[in-house]
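Trainee: Could we go through this one together? I would like to start with a single side chain and then widen the view.

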Amino acid sequence: GFLEFLGRNTLETYVLQFHLFMNHHVQHIPVIIPGSDSDGHMALRILNMAFCGTIFVLVAVWARKVTVSTQNSVVGFMKHFSEKEIPIATAEEVIEFVSKSDKSTCDGKKYDNLRIV
């Protein structure tokens with residue numbers, strides 16, 4: 001539930017606290033609601049704190065989604081480019097392969113990735 005949600009986003013909250021709260025040497029939260037500074041009414045200060053906390057968590061969740069998406073893309077690229085056996089075809093084999101109507105096989109051999117030599 002809630003603790004699992006917080007656990008999934010802890011890295012982003014840790015990193016983002018320095019970037020989002022870098023004012024007054026990280027001793028105060030940003031004052032977004034006018035009159036909610038240290039001299040302001042207690043209700044406005046609590047409302048400002050809740051608003052800043054909500055924005056902070058939403059940005060952390062967004063940052064996690066971007067992190068996971070980037071990680072999946074990089075892992076996919078690495079898997080794709082680190083395949084050990086990529087079939088090598090001559091120019092004639094490529095021309096024969098392209099001229100066939102079934103573009104997935106050539107002479108019964110499956111060619112997904114071709115390198116021309």
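Trainee: Which residues is Glu12 in contact with, leaving aside its neighbours within four places in sequence?

Mentor: Glu12, which lies in helix α2, is in contact with Ala60, Ala63, Arg64 and Thr67 once those neighbours are set aside, where contact means heavy atoms within 4.5 Å. This is a predicted model, in which local features need pLDDT of at least 70, side-chain atom pairs count only at pLDDT 80 or more, and totals for chains, interfaces and linings use all residues. Residues are numbered from 1 along each chain as its sequence is written, and side-chain values use heavy atoms, with hydrogens and water left out.

Trainee: What about Asn9, buried or exposed?

Mentor: Asn9 counts as buried because its relative accessibility is 6%. Asn9 sits in the loop between α1 (2-8) and α2, and, apart from neighbours within four places in sequence, it is in contact with Ala60, Val61 and Arg64.

Trainee: Which residues form the largest nonpolar core?

Mentor: It has five residues, Leu16, Phe21, Phe56, Ala60 and Ala63, and its largest share, three residues, comes from α3. A nonpolar core here is a set of buried Ala, Val, Leu, Ile, Met, Phe, Trp, Tyr and Cys residues joined through side-chain atoms within 4.5 Å.

Trainee: Changing topic, where is Met22?

Mentor: Met22 is in the loop between α2 (10-20) and α3 (42-81), and it counts as exposed because its relative accessible area is 58%.

Trainee: Last one: how many helices and strands are there?

Mentor: The protein has four helices and four strands, running α-α-α-β-α-β-β-β from the N terminus on. Helices (H or I, at least four residues) and strands (E, at least two) are DSSP runs, numbered from the N terminus. Of the 117 residues in the protein, 15% are buried.

Note on methods
Buried < 20%, exposed > 50% of the residue type's maximum accessible area, 1.4 Å probe, protein only.
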